[in-house]
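Me: I'm new to this one. Can you walk me through it? Let's start with the charged pairs.

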Amino acid sequence: MKSETAAEKEKRLQKEKKELARLEKANLKKPLVHGFWFLLVILTVIYIADEISSNMNGVMRPYMIFDLFKVPNSDTTSSVYGNAVSVMAIATIPTYILTAINPLYRTLADRFGRKIFLFINTLSMGLGMLICMLAPNPYIFVIGTCITGFFTPNDMQVIYLMETAPKEHRAKLCSITKGIGLLSVSLIGVLRSLFYNPAEVTTWRIVYLIPVIVTVAIALIAFLFTRETPVFLERRINALKQSVNEGSQAPAAAIPVAAESQETDTHDSSDKKDSGIGAAIRYIIHSKQLRMVAIVLFVFSMAIALSGYSTEILLAGGHMSDSDMNLFYIVEPIVYAVFAFFSGFFTDALGRKNSGVLFGIFAIVGMFFFVFGSRWGIGAVPLALANGFMFGGLWSLSDLLFLVLPGESAPTRIRATVMAVISYMYFSNMLVSMLVGIFYNRIGSANIGVFQFAFFAPIILFSIIFLKLKVKETKDTDLSKVE
């Protein structure tokens, strides 16, 4: 590594002093409204924006296709619709470049703090939905979905909760806020019933209007009423003080780290004082725990791609009227939200591994009854229950694997970076999703449900067995002492 010259060292130290003064001032600054519970309300509202923007495009995609591709009689089983899905899948291929750099973007939170990215992420979700709403052609719609898809996975509100909540209630509070956020997804069904007219397919755009306004407002509220997490401020201030006081050549973000376990003892002293992408990658490589989490994530992510055609499955079943569809879209998110609300209680009570196994079983059983129930015509409410349990189990397991386990297995100095780097395992989801979309016309709307379940069930089974056998329990971990 190139040695730091005296001039470069002085320039760095001056920069660090300015940042130290700014952070110490921020640490002393009182929030406009005091109390952890008020912060919890703000983060819950942000979760609402996150969940609405995450689900809106998936729900409204078929109606956008009906409109912009001029599908005859709005028939999902027609070749025109199948070709449109394939075209959309191909059109999204360039957007995977943005997805690939998303983890790099997320690492900036370890350098510049959590608050600014909480604001940017939320505001950008609203911008993405606005572009989808106004899209004059399918390719502009893809740009809008790309923007929302880039910013929704960052989950800065989760890091906020993990770094501010009492450790014994951490998972519960995360699941409670997510559960409340998911309840808001039922508003998509309500808005659809109010504004979408099947006789006039262009009315799908109006469904976006209120979510766009609410998301932008939430972003501004978050910017005004939140402050940095105490854990981040303390760590960053201590690192800067050490660098300034000692005139160290180490990077400002460097924090000496004690060995976390025998698995991380192999780090040399320079690695322990490093930060950023390189340090996160080394940390994951040297930590058996995070290596095992990465493996199960790569496999599990394929299952997420095999759950994305709920609307097509319902329409292809031929048993759902438009009013049934509205009822389904209202009830299903409520079921999912209730599941998510209580999932954290299971996670804190049973432990991370046992609850993960339980979530996986719920996902498999839920998808089975949803796929085959849509063929049997069991009704809107039973189908909503089945799909709600499927998504509840699937995404609760996803949160456990992508957020909780990595977050509880990495030190504060690179926690966001480790969580960002390990999210590259999501690449398997993008690959499978792209392939299913490209070959959708060959699979056909009539067969897409059975096709999904045939691969979904074994992937989930492998994931939960691997989780149980290879990953260590992280329940009750003190995040400030993970080093």
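Me: How many salt bridges are there?
Reply: The count comes to 6 salt bridges. A salt bridge here is a side-chain nitrogen of Lys or Arg within 4 Å of a carboxyl oxygen of Asp or Glu. This is a predicted model, where local features need pLDDT of at least 70, side-chain atom pairs count only at pLDDT 80 or more, and totals for chains, interfaces and linings use all residues. Residues are numbered from 1 along each chain as its sequence is written, and side-chain values use heavy atoms, with hydrogens and water left out.

Me: Okay. Which residue does Glu-312 form a salt bridge with?
Reply: Arg-61. The closest N and O atoms are 3.3 Å apart. The pair links distant parts of the chain, with Glu-312 in helix α16 and Arg-61 in helix α2, 251 residues apart. Helices are DSSP runs of H or I with at least four residues, strands are runs of E with at least two, and both are numbered from the N terminus.

Me: Is Glu-312 buried or exposed?
Reply: Buried, with a relative accessible area of 1%. Buried means under 20% relative accessible area, exposed means over 50%, and partly exposed is in between (1.4 Å probe, protein chains only).

Me: What else is Glu-312 in contact with?
Reply: Leaving aside neighbours within four places in sequence, Glu-312 is in contact with Arg-61, Pro-62, Tyr-81 and Tyr-440. Contact means heavy atoms within 4.5 Å. The side chains of Glu-312 and Tyr-81 also make a polar contact of 2.7 Å. That term covers a pair of N or O atoms within 3.5 Å; within protein, one must be able to donate a hydrogen and the other to accept it, and residues adjacent in sequence count only if both atoms are side-chain atoms.

Me: Next pair. Which residue meets Asp-322 in a salt bridge?
Reply: Arg-192, at 3.1 Å from N to O. Asp-322 lies in helix α17 and Arg-192 in helix α10, so the pair ties together parts that are 130 residues apart in sequence.

Me: How accessible are those two?
Reply: Asp-322 counts as partly exposed, at 29% relative accessibility. Arg-192 is buried, at 1%.

Me: Which residues surround Arg-192?
Reply: Beyond neighbours within four places in sequence, Arg-192 is in contact with Tyr-63, Val-207, Asp-322, Met-325, Asn-326 and Tyr-329.

Me: Where is Lys-70?
Reply: Lys-70 is in the loop between α2 (36-68) and α3 (79-91). Lys-70 counts as exposed, at 61% relative accessibility. Lys-70 also has a positive phi of about 55°, although it is not a glycine.

Me: Why point that out?
Reply: Most residues other than glycine have a negative phi. Ser-74 is another case, with a positive phi of about 50°. Ser-74 lies in the loop between α2 and α3 and counts as partly exposed at 28%.

Me: Switching to the surface. Which residues make the nonpolar patch?
Reply: Leu-183, Ile-334, Val-338, Phe-342, Phe-345, Phe-346 and Leu-350 make a patch of about 570 Å². Patches are made of residues with over 30% relative accessible area and no salt bridge: like charges are joined within 9 Å, and nonpolar side chains (Val, Leu, Ile, Met, Phe, Trp, Tyr) within 5 Å. Areas come from the Shrake-Rupley method with a 1.4 Å probe; for residues, only the protein chains shown count as cover.

Me: Which helix gives the largest share?
Reply: Helix α17 (residues 322-350), with 6 residues. Ile-334 is found in that helix and is partly exposed at 34%.

Me: Now the whole protein. How many helices and strands?
Reply: 23 helices and 0 strands. Of the 483 residues, 55% count as buried. The protein exposes about 20,100 Å², and carbon and sulfur atoms supply 68% of it.

Me: What about contacts along the chain?
Reply: Among contacts between residues at least 6 apart in sequence, 82% join residues at least 24 apart.
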